[in-house]
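Me: I am new to reading protein models. Could you walk me through this one, one question at a time?

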Amino acid sequence: MGNENEVQTQQPVQEQDNQPTQNEGQEEKPKVEFTPEQQEAISSLIAEKVAKERAKSNAKIQANTQKAEQEKRDAIQKAIERTKMSAEEQTKAEQKDREDEFNRKQQELDRQLREVKTKSTLIDKGITTDLLPLVMGADDDETSQRLDLLDRYVQKKVQEATEKLMQGKRNPTGGNGGQTISTNDNPWSAQGWNLTKQNEILMNNPEQAQQMIAQAQPKQGFYFGMNN
C-alpha cells in the first residue's frame, strides 16, 4: 500500500514535467541595440519633435482660450445691453443675431467649396496643393486672377529655359546633311506635335532633338529629357 500511494503522489508531478513550457517553440525576436551616440541622437530628435508639437498645441490651446473668453465677454455685454432694450428692440436684435449666424455659416461653406475647387484646379495643372494659401483668394474671381498670374509666371520660366537651351541654334540644319525637316515630321512643331516621338528622338539622338526643337520653336512647354 505504501508503494501505491507513493506512485499516486508522484504521477501528477511527472505529468507536469511532461507539459511544454509556454515559450517553448517560439522564436525570440532579435533585440535592436544602439550605440550611446546613436541613442543620444535619437533621443534628441524625439525630444525636439515633442517640443515642437507641444509648443504648437499650447499655442492652439491659448488661442482657443482667448477666443472663448472674448466670446464670453461679448455675450455678457450683449445680455446687459438687451436688458435696456424694449421688447420690440429685443426682437429686432435677436432677428439680426440669427441673420448674422446664417451669413457666417454661409461664408464658411463658401470658403470650403472654394478651397475644394482651388485644390482640384491645382491638381489638374500639376501644381502642388501646398500653394493653396497663395492662390486662393477671397472669392472665385480673385482666385481665378491669382491662378492666371501663376500660369503666366510658369510659362515665362518655361520660355526662358527654352530660349536658353536653344541659344546659338536659331538656324540649325536637320542633322541629315543640311536638309530641313518638314514641320509635319517634326514632333515639336504645332502640326506634328507628338510626345512619344519626342521622347524617342531624345533618347536615341539628343543632337537631332536639339536641332528639331530649334527649328520648330515650340511655344508650349516641354521637357528636354535627361540631357537638360
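**The largest pocket**

Reply: Happy to! The residues Lys-67, Glu-71, Asp-74, Ala-75, Lys-78, Asp-97, Asp-100, Glu-101 and Arg-104 line the largest pocket. A pocket is an open set of points on a 1 Å grid over the protein atoms alone, where a 1.4 Å probe fits, with protein on both sides within 12 Å along at least five of seven lines; lining residues have an atom within 4 Å of a point. This is a predicted model, where local features need pLDDT of at least 70 and side-chain atom pairs count only at pLDDT 80 or more, while totals for chains, interfaces and linings use all residues. Residues are numbered from 1 along each chain as its sequence is written, and side-chain values use heavy atoms, leaving out hydrogens and water.

Me: Which element gives the largest share of the lining of the largest pocket?

Reply: Two helices, α2 (36-83) and α3 (87-124), each give two or more residues to this lining. Helices here are DSSP runs of H or I with at least four residues, numbered from the N terminus. The largest share, five residues, comes from α2.

Me: How many charged residues does the lining of the largest pocket have?

Reply: Asp, Glu, Lys and Arg count as charged; Ala, Val, Leu, Ile, Met, Phe, Trp, Tyr, Cys and Pro as nonpolar; and the others, Gly among them, as polar. The lining has one nonpolar residue and no polar ones, and its charged residues number eight.

**Helix pairs**

Me: Are α2 and α3 roughly parallel or roughly antiparallel to each other?

Reply: Their axes come within 10 Å and cross at roughly 150°. Axes are lines fitted to C-alpha atoms over the stretch in contact, and angles run from 0 to 180 degrees between N-to-C directions. Angles over 145 degrees count as roughly antiparallel, under 35 as roughly parallel, 65 to 115 as roughly perpendicular and the rest as oblique. The two helices α2 and α3 are therefore roughly antiparallel.

Me: What is the angle between α6 and α7, and how far apart are their axes?

Reply: Helix α6 covers residues 195-204 and helix α7 covers residues 206-216. The angle is about 135°, and the axes are 5 Å apart.
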